[in-house]
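Me: Please take a close look at the contact between the two chains in this model. I would like one connected account of that part.

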Amino acid sequence: NAGVTQTPKFQVLKTGQSMTLQCAQDMNHEYMSWYRQDPGMGLRLIHYSVGAGITDQGEVPNGYNVSRSTTEDFPLRLLSAAPSQTSVYFCASSLRTQNTEAFFGQGTRLTVV
Amino acid sequence: LAKTTQPISMDSYEGQEVNITCSHNNIATNDYITWYQQFPSQGPRFIIQGYKTKVTNEVASLFIPADRKSSTLSLPRVSLSDTAVYYCLVGLSGGYNKLIFGAGTRLAVHP
């Protein structure tokens, strides 16, 4: 049982480049979300999805796009990377209803130079 | 969403019991209290959740007084491997499992 899988684990981008961070879960969870974590800080919610075809913005959505074409996958797209997007990105999944345990991936460490 | 306040950092020694208190004065009737643990370079991990009184599992205990305006995560006999950041989360928006994290408490366990 793989849980939540994020790829890549590390990435270096040049300013202005685009890329997609991948997130996949095999637990048939309806709810998936993306967070970023800057050094010494807590996690901040970027975007979330309550099911295939449904996405919504979190606390810090600017500069990021998401889509949810399947239950299993929830990719995060950076259209034009900026140094301010240097961070560690975590994907999480859970059942849709509140108060349920969320499972997090191992993170993607992104550096934008 | 209920705002939470917890200490920024704590220090302890191996074998001691550690209690981390979280204040959530405006907790709503339907809110649960949930704690997550995060090790360096890893994603957060669910530890424990409760609504009132006391909850215990193999990792920790959670104490919630009758007024539910605070809660205390108790880690018995900590070891070096318990060094981590602990997050208290209260209140979820819109019926979904949308987790909003604060800064957490950075626990350092010393030999």
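Reply: Between chain A and chain B there are zero salt bridges, a salt bridge being a side-chain nitrogen of Lys or Arg within 4 Å of a carboxyl oxygen of Asp or Glu. The model is predicted, so local features need pLDDT of at least 70 and side-chain atom pairs count only at pLDDT 80 or more, while totals for chains, interfaces and linings use all residues. Residues are numbered from 1 along each chain as its sequence is written, chains are lettered from A in the order in which they are written, and side-chain values use heavy atoms, without hydrogens and water.

Four residue pairs, both members at pLDDT 80 or more, are in polar contact across the interface of chain A and chain B (N or O atoms within 3.5 Å, one able to donate a hydrogen and the other to accept it; residues adjacent in sequence count only if both atoms are side-chain atoms). On the side of chain A that touches chain B, β4 (31-37), β5 (43-51) and β9 (87-94) of chain A each give two or more residues (strands are DSSP runs of E, at least two residues, numbered from the N terminus). β5(A) gives the most, with four residues.

In total, the contact (heavy atoms within 4.5 Å) takes 25 residues from chain A and 22 residues from chain B. The two chains bury about 2000 Å² between them, 50% of it on carbon and sulfur atoms; buried area is the accessible area (1.4 Å probe) lost on being put together, summed over both parts. Of the area that chain A buries against chain B, 29% comes from A:Leu43, A:Gln98 and A:Asn99, more than from any other three residues.
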